[in-house]
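Visitor: I'm new to this one. Can you put it up and walk me through it?

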Amino acid sequence: MELTVTGRHINITDPIRSYAQQKTEKLPRYFDRVRDVEVIVAHHDNIKLAVEMIVHVNNHHDPFVASATHEDLYACIDEVTDKMERQLHDYKEKLRNH
């Protein structure tokens with residue numbers, strides 16, 4: 001699984017990159033065909049931060065996308081990871097029940 005962390009109007013430091021990597025390493029538990037993950041951190045307004053996570057999966061045409069906004073960057077990464085885990089789990093259940 002390949003991870004790309006990109007910052008828009010914000011510098012991505014090593015602690016931010018390692019925290020995002022730590023959180024995204026759990027995604028293959030929910031769906032084992034995760035190919036690559038892209039995390040985009042953007043600074044909106046003066047206070048709000050937005051994180052968008054794009055996950056590409058083998059044998060699926062469209063990527064899974066989740067986004068969240070929060071004042072705290074780490075809370076925002078947590079929230080977007082939870083949303084992505086839910087999407088992958090639901091997709092896996094859909095495949096299994098089909």
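Guide: What covers the buried residues of helix 3 includes helix 1, helix 2 (27-30), strand 2 (34-43), strand 3 (49-57) and strand 4 (64-70). Helices (H or I, at least four residues) and strands (E, at least two) are DSSP runs, numbered from the N terminus. This is a predicted model, where local features need pLDDT of at least 70, side-chain atom pairs count only at pLDDT 80 or more, and totals for chains, interfaces and linings use all residues. Residues are numbered from 1 along each chain as its sequence is written, and side-chain values use heavy atoms, with hydrogens and water left out.

Visitor: Which residues in helix 3 are buried?

Guide: Leu73, Cys76, Ile77, Val80, Thr81, Met84, Glu85, Leu88 and Tyr91. Buried means under 20% relative accessible area (1.4 Å probe, protein chains only).

Visitor: What does Thr81 touch?

Guide: Lys23 and Met53, not counting residues up to four places away in sequence; contact means heavy atoms within 4.5 Å. Thr81 has a relative accessible area of 2%.

Visitor: At roughly what angle do the axes of helix 1 and helix 3 cross?

Guide: Roughly 20 degrees, and the axes come within 10 Å. Axes are lines fitted to C-alpha atoms, for helices over the stretch in contact, with angles from 0 to 180 degrees between N-to-C directions. The two helices are therefore roughly parallel to each other, the word for angles under 35 degrees.

Visitor: Which residues make that contact?

Guide: Pro15, Ile16, Tyr19, Ala20 and Lys23 of helix 1, with Leu73, Tyr74, Ile77, Asp78 and Thr81 of helix 3.

Conventions
Angles under 35 degrees count as roughly parallel, over 145 as roughly antiparallel, 65 to 115 as roughly perpendicular and the rest as oblique. Buried means under 20% relative accessible area, exposed over 50%, partly exposed in between (1.4 Å probe, protein chains only).
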